[in-house]
Amino acid sequence: WEPRSETIAQVGLLGDESGRLKFVKWESAGLPELVEGETYRFQNVVTDEYQGRYSVSLNSATVVEPSEEAVSAAADGVTVGGTVVAVQEGSGLIKRCPEADCTRVLSGGQCGEHGAVEGEFDLRIKAVIDDGSRSINVIFDAEATAAVSGISLSDAIDMAMDALSTDVVAEEISARLLGRRYQLTGRVVGTYFLVNEATKTTDTPGGFDAREVEPALTTREPARRLFAEELNATTQTFRERDEERAPVYGLTPTGVDVNRVLVVGTLIETADIGSDSEYWRAKVFAADSPVYVYASEYQPEAMAVLKSAEPPMYVAVVGKLRTYERGDRTNVAIEPESITEVDGGTRDAWVAETANQTRKRLDAFETGDAPFGEEATVAYGEDVNAIDAVVMSTVDT
């Protein structure tokens, strides 16, 4: 990597069969230039640890010699896959402490250890990756951020300078990532999955079951994948706890609880239906039927997307399932947390993933293994043929 201090000669990764770790070679050490891919024997290195991450320093006491011994570096971490359902605060263009080997992010120009400092620009993404039943916190460093977003550190600095704000960088990253599916390789430090490699994919890779990933799992409600047929039929709601702030769940006809959903489909219509203030409605086809999305001043980012949208277009919608009464009928809609324009490949991947997950729910309902199967039978009956037909139609197409 590029050193961030004149006192550092080189910084990068060392690896053997057991794993990988960061190294820092100090300028004052007077050691030879290390070449990527070459094998060396290191003696008298200094170990260090920060937030569970170990590293080594090469100083004037360190001996470095080329080695003919064959060494194969172990894969760096585990591989997981899922959809980006949230880009969190603290993403985009940030500033870090410039002190040697300090990576702390500045807050108001202050480093927690070194106080007021000028700071150096860096780029990162803090996001939530979701597989439909669980989610993990992930962090992309500058290199991984550039790989998935196409925005380099220099690009981000130019964008911020032109806009006179760093917010534009985070907004652009969100527009490029939300609703897309990625395969990530990395490791967990603390409660975050640190991404070393990232690849956009239309496959449905797993990995959340790996023991190493467990500390990064969140308590966030998962974004269920539902076709419009099942989502619009989810008219019954419940709370698991008798508390005002307890989350509200929809009870699907297949016997699953739903709080948050991910829908990727064709946005065909938008309209401002507000009277005293703006209140935007959108119609999105999720497979063969439409779902409705409503955004008010309390969802300003989503409302801004609907105001500027030019249907028809593919969009990814992440939001909470909401029910409302109209006459003697209960209708269902999505209260969006984000709406992002995506491509046809992303839409097709969502259809395949949703068909797979819906089939699993249907099978569990039929065998009596659905978590809320009995409650769903009482509320809706046992006929789930309409939902099954949607799944079958996606297979036929």
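With which residue does E230 form a salt bridge?

**View 1. The salt bridge between E230 and R361.** E230 pairs with R361, and their closest N and O atoms lie 3.0 Å apart. E230 belongs to helix 4 (residues 228-232) and R361 to helix 6 (residues 344-367), so the pair ties together parts that are 131 residues apart in sequence. Both E230 and R361 are buried. A salt bridge here is a side-chain nitrogen of Lys or Arg within 4 Å of a carboxyl oxygen of Asp or Glu; buried denotes under 20% relative accessible area, exposed over 50%, and partly exposed in between (1.4 Å probe, protein chains only). Helices (H or I, at least four residues) and strands (E, at least two) are DSSP runs, numbered from the N terminus.

The model is predicted: local features need pLDDT of at least 70, side-chain atom pairs count only at pLDDT 80 or more, and totals for chains, interfaces and linings use all residues. Residues are numbered from 1 along each chain as its sequence is written, and side-chain values use heavy atoms, with hydrogens and water left out.

**View 2. Further salt bridges.** The whole structure contains 21 salt bridges. In one of them, D131 meets R134 at 3.2 Å, N to O; D131 is buried at 17% relative accessibility, whereas R134 is partly exposed at 28%. D130, R181, R225 and E353 are linked in a salt-bridge network.

**View 3. The buried side of helix 5.** Helix 5 (residues 300-308) has A302, M303 and L306 buried. Seen down the helix axis, the buried residues fall within an arc of 100 degrees (directions from the axis to the C-beta atoms), so they line one face of helix 5. The face turned away carries the exposed residues E301 and S308.
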